[in-house]
Amino acid sequence: ARLLPLLRDLRRVIRQVQPDLIHAGPIQTAAFLAALAGFPRLVSMSWGYDLMRDADRSSAMRWLTHFTLKRSAALVGDCEPVRQQALKFGMPAGRIVTFPWGVDLKHFSPASRWESSLKELDVPLRLLSTRSWELIYGVEVLAEGFAQAAQQLEPGKVQLVMLGNGALAGTLRGVFTRAGVSEQVFFPGQVNQAELPRYYCQADLYVSASRTDGTSISLLEALACGTPALLSDIPGNREWLEPGTQGWYFKDGDAGSLAQAILHA
């Protein structure tokens with residue numbers, strides 16, 4: 001019943017604007033609404049999690065996914081795992097375009113890293129997290145893994161900078177407090193795009209424990225700044241990192257594996 005007013009409004013806009021095409025996503029929400037409206041030139045766009053996570057959550061989500069893709073003239077996705085999921089749900093290969101996200105290499109570059117590269121050997125290993133503090137990004141795993149690693153090192157040997165905010169703020173602070181490592185964790189808050197390169201270039205290691213990703217923009221930003229990455233071993237990440245070259249992987253959802261990877265780094 002909640003869909004009917006939205007559907008009526010969308011059909012009215014389509015009649016007024018008469019668009020050549022509609023570009024919509026995620027698959028089970030905005031793209032589904034456009035498909036339901038019966039518009040024939042629908043370019044659906046996956047945001048990664050909609051096909052990588054949500055599509056298989058229930059029979060209802062599977063139906064929504066099938067319905068939308070069947071009525072899409074084309075699908076744009078940002079990585080090969082998204083393409084494979086779309087194929088599984090019946091999207092013809094010839095109607096899928098894989099086009100990764102990107103970053104501005106004039107803005108995100110190693111240039112400012114030179115200013116902070118000549119460091120004394122006893123300066124702490126500085127880890128950086130830029131993901132929102134939500135379950136989908138595995139930040140509670142990151143907190144537990146960092147705490148375990150920090151407890152195995154001399155005080156002050158490793159630091160964690162956590163940008164952003166989110167629903168798990170209390171959970172994260174509780175983990176650090178109980179482990180006795182709160183003084184080694186810094187919370188600068190939300191940072192704008194102009195400031196981000198400085199944080200990447202001052203970090204020794206970018207860390208992401210995300211449970212699902214397509215092409216991660218924050219990962220591309222880190223790599224563009226010359227910052228090695230420590231990533232959860234999930235399909236979307238495997239296209240961007242060769243272990244031992246641009247960084248390392250740890251077992252998805254495993255705080256102990258993350259801790260060992262931090263110690264290895």
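Two strands are said to pair if DSSP finds at least two bridges between them, and helices (H or I, at least four residues) and strands (E, at least two) are themselves DSSP runs, numbered from the N terminus. With those terms in hand, six strands of this protein chain form an open sheet in the order S7-S6-S5-S8-S9-S10, and the pairing is parallel. The edge strands of that sheet are strand S7 (185-189) and strand S10 (247-250), each of which pairs on one side only. From one strand to the next the twist averages 25°, where axes are lines fitted to C-alpha atoms, for helices over the stretch in contact, and angles run from 0 to 180 degrees between N-to-C directions.

The model is predicted, so that local features need pLDDT of at least 70 and side-chain atom pairs count only at pLDDT 80 or more, whereas totals for chains, interfaces and linings use all residues. Residues are numbered from 1 along each chain as its sequence is written, and side-chain values use heavy atoms, with hydrogens and water left out.

Taken as a whole, the protein chain has ten helices and ten strands, and its C-alpha trace spans about 65 × 40 × 30 Å along its principal axes. Of its 265 residues, 46% are buried, a word that stands for under 20% relative accessible area, with exposed meaning over 50% and partly exposed in between (1.4 Å probe, protein chains only). Among contacts (heavy atoms within 4.5 Å) between residues at least 6 apart in sequence, 63% join residues at least 24 apart. The accessible surface comes to about 13500 Å², of which 55% belongs to carbon and sulfur atoms; such areas come from the Shrake-Rupley method with a 1.4 Å probe, and for residues only the protein chains shown count as cover. The mean positions of the 26 positive and 25 negative charges are 12 Å apart, where Lys and Arg count as positive and Asp and Glu as negative, His and the chain ends not being counted, and where the place of a charge is taken as NZ of Lys, CZ of Arg, CG of Asp or CD of Glu.

Returning to the six-stranded sheet, one can begin with strand S5 (residues 125-129), which is joined to S6 by five bridges, the two strands running parallel. Within this pairing, Arg126 stands opposite Gln159 in S6. Strand S6 (residues 158-163) is mostly covered, since six of its six residues are buried. In a regular strand the side chains alternate between the two faces of the sheet. In S6, Val158, Leu160 and Met162 point one way, while Gln159, Val161 and Leu163 point the other way, and all are buried.

Elsewhere in this sheet, S9 and S10 pair in the parallel sense over four bridges, with Ser232 standing opposite Phe250 in S10. Ala229 lies in strand S9 (residues 229-232) and is buried, with a relative accessible area of 0%. Not counting residues up to four places away in sequence, Ala229 touches Leu205, Tyr206, Leu219, Leu223, Leu241, Gln246, Gly247 and Trp248. Between Ala229 and Pro19 there are 210 residues of separation in sequence and 42 Å in space, C-alpha to C-alpha.

The other sheet to follow is an open one of four strands, in the order S1-S2-S3-S4 and with parallel pairing. Its edge strands are strand S1 (22-24) and strand S4 (96-98), each pairing on one side only, and the twist averages 20° from one strand to the next. Three bridges join S1 to strand S2 (residues 42-45), and these strands run parallel; His23 has Val43 in S2 as its bridge partner, and Ala24 has Ser44. Leu42 and Ser44 point one way from S2, Val43 and Met45 point the other way, and all are buried. Helix H5 (residues 80-88) lies across strand S3 (74-77) and S4, running at about 165° to S4.

Two loop residues on either side of S1 complete the tour. Gln18 lies in the loop between helix H1 (3-17) and S1, and its phi is near 50°, a positive value in a residue other than glycine; at 64% relative accessibility, Gln18 counts as exposed. Pro26 is found in the loop between S1 and helix H2 (27-36), and the peptide bond that leads from Gly25 to Pro26 is cis, with omega near 5°.
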